[in-house]
Amino acid sequence: MWDSMIAGFMMLMDPFRMSMLMLGVAIGILVGILPGLGGLMGMALVLPFLFGMDPYAGIAILIGIAAAVPSADTFPSVLMGIPGSSGSQATVMDGYPMARKGEAARALGAAFSASMIGGVLGALALTALVPFARPIVLMFGAPELLMLTILGLSMVGVLSGNRPVLGIIAACVGLLLGMVGGAPAAPEYRWAYGVVYLFDGFSLVIVALGLFALPEIIDLLAKGGSIARRQPGLGTGWMDGVRDTLSNKWLVVRHSVIGVTVGAIPGMGSSIIDWLNYGYVVTRAKNKSQFGKGDVRGVIAPEAANNAREGGVLMPTLLFGVPGSSAMALFLGALLIFGIQPGPSLLRDDLDLVFVIIWSLAIANIFGTLICLMLSRPISRLTFVPFRYIAPVVLCIVILGAWQETRHLGDLLTLAAFGLLGWTMKRIGMPRPPLLVGFILSALVERYLWMSYSIYDWEWVTRPLVMVIAALCVVLVLGGTVMKARVARGAVERAATEGTRHAD
Amino acid sequence: MTMNAPHLRTLVAATLAASLALPVAAEYYEGQTIRIVIPFSAGGGTDTFGRLIATHLGQHIPGNPTVIAENATGAGGLMGSNEFFRSERDGLTLLTASGHLNLRAFLGLEGLELDLNDLEPVVAAPMGHITALHSNANISEATELMGIEGRITKGITDPVGLIESIVALEMFGLEYRPVPGFGGRGDTRLAFERGELMVNTQSTPAFNASVVPLIEEGTAMAAYAIGFIDADGNPVRDPAAPDILTAPELYEQIHGEMPSGEAWEAYKVVANLVQNTRGTIWVFDDAPEEARAALRAGVDAMVMDDAFQAAAADILEGYEIISGEGLDQIKAELDAAPTEILDWLRDMMTEKFEVTFTQR
């Protein structure tokens, strides 16, 4: 293992690969700053350019994006109260009030230092898992994987904020949309009506671009002006922010651990981890009076967690080939493009590659946060560029990204349809993340259910690990709802499911 | 033009036969672009083969056309192959198909427009498959195959895509339990390693890379290779795994006689059709004769080129490119496949896996 660790590091130190990692970080920072565009979009946009590239360089660029987004998306959250991506919604709660008090620099300093520590801890957690990877993988048969995906689905309640009914409807719609096309366990096409384009079902990339990117672009354009309102300035106090993080070091560690753990559950999505951690830090704090008004702990907790999360989501992705998040579903696709088959054989036969991924994650986190910290003045100026100059570029990228899927007219129609759906949902306040979770997990649930039944008949229900995860599902559904209700009573209410409504 | 038509035809035929570098053929592709449609995503086995040909073929075709490879993915090759089938039959559009796509077209899978009767192979490459058993089958020799106790679980992806392994099980008459829902052969290997699947068939290169380590640690054993069938109907060992018995050889060891009956006839059709055309470049057989002649000349020159051979050796992993007479044999085997055996295959697929076909 140590050999592989060093070998992986040396592989990554190749100048081309390092520059690709840095390019990934730069792209990640850009898409992180643009509201509505997250790691999924960043990866979707570069994916078409990776064909034929050196696999290690390609992986570096993707991990660079995944690692930098949760750092950079803090800018819009703090500076303008709009989450830069779904992973930093909770940061708005205390980050934005801090900015309005003239403490933007302190909030950013705390956020970035917490992000860096969280990201590195995430990479460490992934490393710690490697020696146990094979036994863990062999423990997880089809029934256990089925329960993991159900665990992901049971998070829908938490994902839905204070609108659980709308959230559950959205998740069901997602499950239904996920069924379009070739059935996972029978040679038949559902709801395709003989249209060959629909035989494969809807593409995840297009669904995600339509649901999240298009509505954001439309609303920002309609609102006019720049992403952020002119403000008094960032203020000073960067070091105060860093000191805040260091003096709350156990808070950082605790929430990094939560971030990794929750991230390791497939389908949990980035959009709940920050809320979960925010809720937790509020319930555990002795002095709650300042939360929602600019308590720095409300920035540190979600930011440490959302960077640590990337270490977590990589676990099921690499171990089982089950994507830990929607962005990881793309990463998985990219690995297959490079001819790399994720799963236990990867950990046995190509441990060097696993360490290239881990090193990329650690290094990208460090550089991503350092760049954000050092270039925060020029970067934060980006948010003052009138959005009408940015929108055409982003729109082109979105359309190109969708068109790359099959280069069929259907791609564009699907994008438009899901854009309309996403915009409508945003307007009526229906949370969109549950729809995506339902969409992604739909085929997996069906697949694993068939496999479990075909292999074990109903014996699968009695397997010990199945029962443990089932219990966990119940705890999560109940616990999530209770915690949510508690947090919702506070200031969260306004911004809950979709922080952007806050800015409308 | 004062020459009468038959005379012209004889003349063209004569000149074609006389020389490959004749101006007619050279003019046909001069300054043209040949598009090779690859109906699968980039990076897969079929794509790698298509791109290998796309990279090398152009410089050997008289007139040096530009050759570009284009991935048109979707619906297990349906989208791209349908797109190809609707294109102009002018020899400027070619198709890269996998063995299983060829078989789908051959059996007439629903939604697929491709008809192999309208096509002519330009170049092809073979690839074998090997079946392994998990150690929980609890036998020490492959010859004890028929004595396995417990559920013989077999992972099913797209059943037509596994046809050679299914027909082999049918030939042995093994009672196996299909487990549907797997995304691809890679996924089945994982469940095989966990012991959830007892029997698993992989392409020989994948077997060598990912199942052999399991055999070495005692988790699995090699059962049989699908192998190839020679012109007389006898089994031929897989050149990339010559030490592993083929399924008919194993059958003979178990039962003391060669297999017979419909399953065996189907096996002979399927083993060659799927495995000899692992990658096939097709052109319409009613494309202009000078185009097809130029393509043939290009392939013949390409396979002699050292640079191509070096590149091909890396990609084909122990197999030889099929060109010239080998292609005629593929075409002949396609034509010779008995109708009742194809019906048997369709019925078996429909009955066991609910696959529907459209009769041509």
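How many residues of helix α5 (residues 99-107) of chain B are buried? The legends below begin with that helix. This is a predicted model, in which local features need pLDDT of at least 70 and side-chain atom pairs count only at pLDDT 80 or more, while totals for chains, interfaces and linings use all residues. Residues are numbered from 1 along each chain as its sequence is written, and chains are lettered from A and ligands numbered from 1 in the order in which they are written.

**View 1. Helix α5 of chain B is mostly covered.** Of its 9 residues, 9 are buried (20 or more other C-beta atoms within 10 Å of the residue's own; exposed means 12 or fewer, partly exposed in between, with C-beta atoms placed from the backbone). Among them are B:G99, B:H100, B:R104 and B:F106. Helices (H or I, at least four residues) and strands (E, at least two) are DSSP runs, numbered from the N terminus. Just after α5(B), B:G108 adopts a positive phi of about 80 degrees.

**View 2. Domain 1 and domain 2 of chain B touch each other.** Domain 1 comprises 5-126 + 277-345 and domain 2 comprises 129-273; such bounds come from an automatic or database domain assignment. The domain centres, taken over C-alpha atoms, are separated by 30 Å. In this view, 19 residues of domain 1 are in contact with 13 residues of domain 2 (contact: C-beta atoms, placed from the backbone, within 7 Å). On the side of domain 1 that touches domain 2, α5, α13 (325-336) and α14 (339-353) of chain B each supply at least two residues. The largest share of that side, 6 residues, comes from α5(B). The residues of this side divide into 10 nonpolar, 6 polar and 3 charged. Here Ala, Val, Leu, Ile, Met, Phe, Trp, Tyr, Cys and Pro count as nonpolar, Asp, Glu, Lys and Arg as charged, and the others, Gly among them, as polar.

**View 3. Chain B is in contact with chain A.** The contact involves 26 residues of chain B and 25 residues of chain A. Elements giving two or more residues to the side of chain B that touches chain A are α4 (78-85), β7 (176-179) and α7 (185-193) of chain B. Of these, α7(B) provides the largest share, 4 residues. By class, this side of chain B has 11 nonpolar, 9 polar and 6 charged residues.

View 4. Helix α4(A) is mostly covered, with 17 of its 18 residues buried.

**View 5. A:N307 lies in helix α16 (residues 297-320) of chain A.** A:N307 is buried because 34 other C-beta atoms lie within 10 Å. Not counting residues up to four places away in sequence, A:N307 touches several residues, including A:P70, A:S71, A:S115 and A:N365. The C-alpha atoms of A:N307 and A:L351, 44 residues apart along the chain, are separated by 23 Å.

**View 6. A:A107 touches residues that include A:V78, A:M98 and A:V296.** Residues up to four places away in sequence are not counted among these. Chain A as a whole has 24 helices and 2 strands, and 62% of its 504 residues count as buried.

Note on methods. Contact = placed C-beta atoms within 7 Å.
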